[in-house]
Amino acid sequence: MEDQLPVNPVRRKAPNIMITGTPGVGKSRLCNQISEMTGLQWLEISKIAKEYSCLEEFDEVYQCPVLDEDKLLDGLEEIMCVGGNIVDYHSCEFFPERWFDVVFVLRTDNTLLYDRLVTRGYTGKKLEDNMDCEIFQTVLEEAKSSYKEEIVHELHSNTAEQLEFNANNICLWIQEWFDRHQVQSVNQAEVETHVTSEVQMA
Ligand SMILES: Nc1ncnc2c1ncn2[C@@H]1O[C@H](COP(=O)(O)OP(=O)(O)OP(=O)(O)O)[C@@H](O)[C@H]1O
Ligand SMILES: [Mg+2]
């Protein structure tokens, strides 16, 4: 019988955080803010996938390119093992569960989200599908079925005040992670430099 690998064989230097939710709920704004406040590295998966050629043919129905998940995951493995990353993507189930210490799912009221998506120029099926995704809380259910429920947190993302509140609370969570793991006076800049130098996508 094969020996089972431990769930989390590498002790991370800093936590890995997942910020997920339907397109338009405010993931990028929040991640940008947390990254500036903590020095943790913001990994905007849509951009990374494009930069490192992890996109396959264009899906005409969903009006977006298809992601080569295996290539993306292989490219990210090393930096995720080091830790100190904020992963920003509208889906979360295909990432390895062992990568994340906490998962935040942003939620936006339907009318506000509708306006944000229309402002972006979304129309027709793309607009409808994204609205359905939020109405049926697809990403929240996905997160709950892919990660331990106790690490999955739903956050309201309707207003600027909520953005500030969420950013401050996540920064507190990050500080508590360092305290819990007895990492003394962590120099976040050092963490960031180390992580950046590890980015070696295939
Ligand atoms: N808490 C908030 N209050 C008010 N407006 C917000 C809030 N969060 C985001 N927005 C606005 O909503 C729009 C979408 O935000 P953002 O681009 O961060 O969403 P996203 O979740 O990253 O979308 P995508 O999945 O397409 O990348 C932007 O115009 C942003 O300024
Ligand atoms: Mg975004």
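Here are some worked exercises on the predicted model shown above.

**Exercise 1. Get the overall picture: how many helices and strands does the protein chain have, and what percentage of its residues is buried?**

Step 1. The protein chain has 8 helices and 7 strands.

Step 2. Of its 202 residues, 29% are buried.

Step 3. Now look at contacts between residues at least 6 apart in sequence: 78% of them join residues at least 24 apart.

**Exercise 2. Work out which strands pair with E1, and in what sense.**

Step 1. Start with strand E5 (residues 85-89): E1 pairs with E5 in the parallel sense, over 4 bridges. Within that pairing, methionine 18 sits opposite valine 87 of E5.

Step 2. Go on to E6, which also pairs with E1 in the parallel sense, over 4 bridges. Here isoleucine 17 has valine 102 as its bridge partner in E6.

Step 3. Check the side chains. In a regular strand they alternate between the two faces of the sheet. In E1, Ile17 and Ile19 point one way while Met18 and Thr20 point the other way, and all are buried.

**Exercise 3. Find the residues with the most contacts inside the largest nonpolar core.**

Step 1. The largest nonpolar core holds 37 residues.

Step 2. Met18, Ile19, Ile86, Val87, Val103 and Val105 have the most contacts inside that core.

Step 3. Zoom in on valine 87. Skip residues up to four places away in sequence, and its contacts are Asn16, Ile17, Met18, Ile19, Leu43, Ile45 and Phe95. Met18 is also the residue that stands opposite valine 87 in the strand pairing.

**Exercise 4. Check the length of helix H7 and find its buried side.**

Step 1. H7 runs over residues 160-180, which is 21 residues.

Step 2. The buried residues of H7 are Asn166, Ile170 and Ile174. They cover an arc of only 75° around the axis, so they lie on the same side of H7.

Step 3. Turn to the face away from that side: it carries the exposed residues Glu161, Glu164, Leu172, Gln175, Glu176 and Asp179.

Step 4. What covers the buried residues? Among the elements doing so are H1, strand E6 (102-107) and strand E7 (152-156).

Step 5. Just past the end of H7, glutamine 182 has a positive phi of about 50°.

**Exercise 5. Repeat the helix check for H5.**

Step 1. H5 has 12 residues, which at 1.5 Å a residue should span 16 Å; the end C-alpha atoms are 16 Å apart, in agreement.

Step 2. Asn130, Cys133 and Glu134 are the buried residues of H5. Their arc around the axis is only 95°, so they share the same side of H5.

Step 3. Those buried residues pack against H4 and helix H6 (138-146). The face turned away from them carries exposed Gly124, Lys125, Glu128, Asp132 and Ile135.

Step 4. After H5 comes glutamine 137, with a positive phi near 40°.

**Exercise 6. Describe the surroundings of cysteine 54.**

Step 1. Cysteine 54 is in the loop between helix H2 (45-51) and strand E3 (55-59). It has 23 C-beta neighbours inside 10 Å, so it counts as buried.

Step 2. Residues up to four places away in sequence aside, cysteine 54 touches Ala49, Leu67, Asp68, Lys71 and Leu72.

Step 3. Take aspartate 68 from that list: it is 14 residues from cysteine 54 along the chain, with their C-alpha atoms separated by 5.0 Å.

Terms used
Residues numbered from 1 in each chain as written. Chains lettered and ligands numbered in written order. Predicted model: local features only at pLDDT ≥ 70, side-chain atom pairs only at ≥ 80, totals over all residues. Helix = DSSP H or I, 4+ residues; strand = E, 2+ residues; numbered from the N terminus. Expected span 1.5 Å × (residues − 1). Buried ≥ 20, exposed ≤ 12 C-beta atoms within 10 Å, placed from the backbone. Arc of directions from axis to C-beta. Contact = placed C-beta atoms within 7 Å. Core = buried A, V, L, I, M, F, W, Y, C linked by C-beta atoms within 7 Å. Pairing = 2+ DSSP bridges.
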